[in-house]
Amino acid sequence: MEKHWTNEAIFYHIYPLGFCGAPKYAHDERECQHRIKKLIDWIPHLVEMKVNAVYLGPVFASYEHGYDTSDYRMIDMRLGNNEDFIAVCDALHEAGIRIVLDGVFNHVGRAFWAFKDVQEKREGSPYKDWFHINFDGNNAYNDGFWYEGWEGHFELVKLNLHNPAVTDYLLECVKFWVDTFDIDGLRLDVAYSLEHHFMKRLRSYVQELKNDFVLIGEVLFGDYNLIVNDEMLHSCTNYECYKGIYSSFNSMNLFEIAHSLHRQFGADQWCIYRGKHLMTFVDNHDVTRLASILTNKKHIPLAYGLLLGMPGIPCLYYGSEWGETGEKAPDNDYALRPCFKEPKPNELTDYIRLLISVRQNSDAICNGAYRNVVIQNHQLIFERSSDNECVMVAINASDSPYTAHHQDLQGEALELLTEEKISMNGELELPAYSVQYLKIVK
């Protein structure tokens, strides 16, 4: 795949409805509020963190959580109006930060205008074929007809993406977002449920609108190659390695993440995602935060050292850069999507910023090949190498120092995090609970 701006990007993920302190339901708000402008106040923090792209969760009108869209062309009144969001996007762009929005194209909310027309006119609605409907049945809302909801959630009405009128409408909305807000990409919600022909058409369409526009899919499982390719999406969420990171530290078995990284990006012919840049993360709006899921809190900075050193497009979730906690619970997504009055930077924040700075100045870490060098239960050393640079990433998750031995640990190296010069002669000292980024100089 061709080189893309996302290859060197650091994303910052915000769930706007929670971040801005919006009420849970739209009917709890009687007048338009202007909460979305809070994003402008956080730009200095993003710049300080060296973030160069934001991924914003749903911002368009909905009844509840944003994934139940009622109007694709209006900012949710709990957040503000279109003029407010134009100001936000302009300010982000002025700071050198690109904008990726949630593209929720698999389903809409029950308040979506076309579905309301079907409720009113039934078989007489010109939009009846926009959905998967059976007028001989019924549903839990007693509409007098059955319709397909997303994975059994009937507050989310599945769109019929085989209907050209539906796909035409969605593409027109994307054009509206580009023309109005100048967005730089989309993260496609439940991309694993989207029709492949729709994603192909979307890719072709957005490239005409903006040739460096990015499409990133939400994918939980399966073969990412099916939709991450030159015809469909540029990237997708790397849930395999997300699970591998926290699980490896909790079980003190770094073989797990080493296996996943080699399986995906190693040099063997059977390694499946070589040359692709998948979106990597240690937490997001749907999963327990890193600071809550890791059993040993001293592993938190190590997990970020691994995330920023491995292949992919790193994405930080707002608040986790200072170690915010949050556990996923049934029917309480807002535990993971809180409102913070202001950033709360600390030593962890400073450390992550250092990792980001080193990554952004390393072609090997951003774009290089991957190779495992030393794998132990508590230690992992892997190599990232490009045509002009070689960096060894060394992690010791143990509470004791460790001396790694390997024939490839040779020569002089510059430890990029401390700027210390190190001589290796077949061995490398790894302090307890440590991360090293070693640039081989000769």
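This note sets out numbered points on a predicted model of a single chain.

1. Basis of the values. Residue numbers start from 1 along each chain as its sequence is written, and side-chain values rest on heavy atoms, with hydrogens and water left out. As the model is predicted, local features need pLDDT of at least 70 and side-chain atom pairs count only at pLDDT 80 or more, whereas totals for chains, interfaces and linings use all residues.

2. Overall form. The chain holds 12 helices and 21 strands (DSSP runs numbered from the N terminus: helices are H or I with at least four residues, strands are E with at least two). Its radius of gyration is 23 Å, close to the 22 Å given by the globule rule for 442 residues, so the chain is as compact as a globular protein of that length. That radius is taken over C-alpha atoms, and the rule is 2.2 Å times the number of residues to the power 0.38. The C-alpha trace spans about 80 × 45 × 40 Å along its principal axes.

3. Burial, contacts and surface. Of the 442 residues, 57% count as buried (buried is under 20% relative accessible area, exposed is over 50%, and partly exposed lies in between, with a 1.4 Å probe and protein chains only). Of the contacts between residues at least 6 apart in sequence, 68% join residues at least 24 apart; contact means heavy atoms within 4.5 Å. The accessible surface is about 17800 Å², and carbon and sulfur atoms account for 48% of this area (Shrake-Rupley method with a 1.4 Å probe; for residues, only the protein chains shown count as cover).

4. Charge. There are 40 positive and 63 negative side chains, and the centres of the two sets lie 1 Å apart. Lys and Arg are counted as positive and Asp and Glu as negative, without His or the chain ends; each charge is placed at NZ of Lys, CZ of Arg, CG of Asp or CD of Glu.

5. Helix α5 (residues 164–181) has 18 residues, which should span 26 Å at 1.5 Å a residue; its end C-alpha atoms are 25 Å apart, in agreement. The expected span is 1.5 Å times one less than the number of residues. Its buried residues include Val166, Tyr169, Leu170, Cys173, Val174, Trp177 and Phe181. An α-helix has 3.6 residues a turn, so residues three or four places apart point the same way. Among the elements covering the buried residues of α5 are β4 (69–75), α3 (82–94), α4 (113–121) and α6 (196–209). Asp182 sits in the loop between α5 and β11; its phi is near 60 degrees, a positive value in a residue other than glycine, and its relative accessibility of 37% makes it partly exposed.

6. Ile75, in strand β4, is buried at 4% relative accessibility. Its contacts beyond four places in sequence include Val59, Phe60, Phe85 and Phe181. Between the C-alpha atoms of Ile75 and Asn142 there are 30 Å, with 67 residues separating the two in sequence. Asn142 belongs to the loop between β7 (133–134) and β8 (146–147). Although not a glycine, Asn142 has a positive phi of about 60 degrees, and it is exposed at 58% relative accessible area.

7. The 14 residues of α11 (residues 347–360) should span 20 Å, and the distance between the end C-alpha atoms is 20 Å, which agrees. Two arginines, Arg353 and Arg359, are among its buried residues. The buried residues of α11 pack against α2 (38–48), α10 (300–309), β15 (313–317), α12 (363–367) and β21 (434–440). Met49, in the loop between α2 and β2 (53–56), is buried at 0% relative accessibility. Beyond four places in sequence, Met49 touches Leu316, Glu321, Thr349, Ile352, Arg353 and Ile356.

8. Helix α8. Ala258 lies in α8 (residues 255–265) and is buried at 0% relative accessibility. Ile375, 117 residues away in sequence, is 7.3 Å from Ala258, C-alpha to C-alpha. Neighbours within four places aside, Ala258 touches Tyr370, Asn372, Ile375 and Leu380. Arg263, also placed in helix α8, is partly exposed at 29%. With neighbours up to four places away set aside, Arg263 is in contact with Glu240, Trp270, Cys271 and Ile272.
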